[in-house]
Amino acid sequence: MKLIDGKVISGYVKDRVKEEVSALKEQGVTTGLAVIIVGEDPASKVYVNNKKKACEALGIISEEYALSENTTQEELLALIDELNKKPTINGILCQLPLPRHLDEQAVINAIDPQKDVDAFHPQNVGKIMQGDYDFVPCTPAGIMEMLKYENIEIEGKTCVVIGRSNIVGKPMGMLLLHKNGTVTICHSRTKNLKEICRGADILVAAVGRPNFVTADMVKEGAVVIDVGINRVHNKLVGDVDFEAVKDKCEAITPVPGGVGPMTIAMLMQNTLTAAKKQNNR
Ligand code: NDP
C-alpha cells in the first residue's frame with residue numbers, strides 16, 4: 001500500500017507557486033487574495049486562518065474581511081463589488097457556509113468570474129463542463145494533482161465518486177471524465193452502493209460521514225481518495241475506515257494530511273493563475 005502524502009505533494013505545489021509569485025513580483029506584478037468571512041463559525045475561522053497563513057508563506061498579499069453575523073445581503077454585495085474593481089486583488093473567496101439570511105448563490109454570482117478562485121461562479125462551472133477552464137474548485141483540483149504526482153493512470157479506469165456536491169462530487173466526476181475515466185457519481189439515493197464501489201479502480205469518498213467506506217466496499221488494488229473531514233471526539237477522521245481499508249489498496253490518502261493540504265495549495269495556485277491572467281502573463 002502506498003500512502004499518498006498530501007503534505008509532501010502540497011509542499012511541491014506551493015514551492016512552484018511561490019517561485020512564480022516571486023518572479024511576477026520582480027516584474028512589478030503583485031498577487032492578492034481577498035477572503036471574506038461572515039459570522040463566527042469556528043471551522044470557517046480555522047479554514048480562513050490557514051488560507052491567510054498559506055498566502056503569507058508564498059508571498060501572496062492576503063486581505064481578510066471579517067463581517068458580523070448580521071451583515072446584510074446589500075452590504076456583502078457592495079463589498080464584493082468593491083473587491084471586483086480593486087486592481088491589487090486578483091482572487092476573491094467568500095467562505096461558505098454563509099449565515100442563513102444570506103443568499104449564497106447570489107453572492108457567488110456577484111464575484112467577477114476572473115477573480116473566482118473557488119470556481120463556483122456559473123460561468124466557471126460551465127467551463128469545467130466543457131473541459132476548457134482556468135479555475136477548478138480547489139478540492140477536486142488537489143485530488144487530480146495528487147493522482148498526477150503519483151502517476152496514477154485515469155484513462156479507461158472505473159472511477160466512483162461518492163457525493164454529488166457542487167464543491168466536490170460533481171466537479172470531481174467531471175475532471176475524471178475529462179481524463180477519460182469511466183465515471184459513476186453516487187449519492188444518498190444510490191442503490192447497491194457497496195457493489196458499485198467494489199467495482200472502482202479509483203474511489204473518491206466525499207460524503208461527510210466518519211468511516212463510511214468500509215473494507216467490503218473496496219476492491220483489492222484500488223486507489224482510495226478520502227475527502228471527508230469529520231470531527232469525532234475532537235479528532236479528525238475521514239469518510240474511509242482507514243485501518244480496515246488500507247491493506248487492500250494500491251494507494252490511499254490519510255486524514256489528516258491527505259486531501260486537506262492540497263485544497264489550500266490549489267487555492268494558492270488558482271490565485272496565481274488569476275494574477276497572471278489579469279496581467280496578461
Ligand atoms: P455535502 O454534504 O454537500 O455532500 C455530501 C454528499 O454525500 C451528498 O451528495 C450526499 O447525497 C452524499 N451522501 C450522504 N449520505 C450518503 C449515503 N448514505 N450514501 C451515499 N451518499 C451519501 O458535502 P461536501 O461535498 O461539501 O463535503 C463532503 C465531505 O468532504 C465533508 O466531510 C467535508 O467536510 C469534506 N470536505 C473536505 C475538503 C478538504 O479540503 N479535504 C473540502 C471540502 C469538503 P445527496 O446529494 O443525495 O444528499
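Colleague: Why are helix 1 and helix 6 called roughly perpendicular to each other?

Modeller: Helix 1 (residues 6-26) and helix 6 (residues 138-149) pack at an angle of about 100°, their axes 10 Å apart. Angles of 65 to 115 degrees count as roughly perpendicular, under 35 as roughly parallel, over 145 as roughly antiparallel and the rest as oblique, so helix 1 and helix 6 are roughly perpendicular. Axes are lines fitted to C-alpha atoms, for helices over the stretch in contact, and angles run from 0 to 180 degrees between N-to-C directions. This is a predicted model, in which local features need pLDDT of at least 70 and side-chain atom pairs count only at pLDDT 80 or more, while totals for chains, interfaces and linings use all residues. Residues are numbered from 1 along each chain as its sequence is written, and side-chain values use heavy atoms, without hydrogens and water.

Colleague: Which residues of helix 1 meet helix 6?

Modeller: Gly6, Val8, Ile9, Tyr12, Val13 and Arg16 in helix 1 meet Glu145, Met146 and Tyr149 in helix 6; contact means heavy atoms within 4.5 Å. By class, this contact has six nonpolar, one polar and two charged residues.

Colleague: What makes strand 1 and strand 6 edge strands?

Modeller: Strand 1 (2-3) and strand 6 (182-186) each pair on one side only. Two strands pair if DSSP finds at least two bridges between them. Helices (H or I, at least four residues) and strands (E, at least two) are DSSP runs, numbered from the N terminus. The open sheet has six strands in the order 1-11-8-7-5-6, with parallel pairing.

Colleague: How do you know that strand 5 and strand 6 pair?

Modeller: Five bridges join strand 5 (residues 158-162) to strand 6 in the parallel sense, and at least two are required. At one of these positions, Cys159 has Val183 in strand 6 as its bridge partner.

Colleague: What order do the strands of the three-stranded open sheet take?

Modeller: The order is 3-2-4, and the pairing is parallel. Strand 3 (61-67) and strand 4 (91-94) are the edge strands. Strand 2 (residues 32-38) is joined to strand 4 by four bridges, and Leu33 stands opposite Gly91 in strand 4. Helix 2 (residues 42-58) packs on this sheet, and its direction makes about 170° with that of strand 2.

Methods
Nonpolar A, V, L, I, M, F, W, Y, C, P; charged D, E, K, R; others polar.
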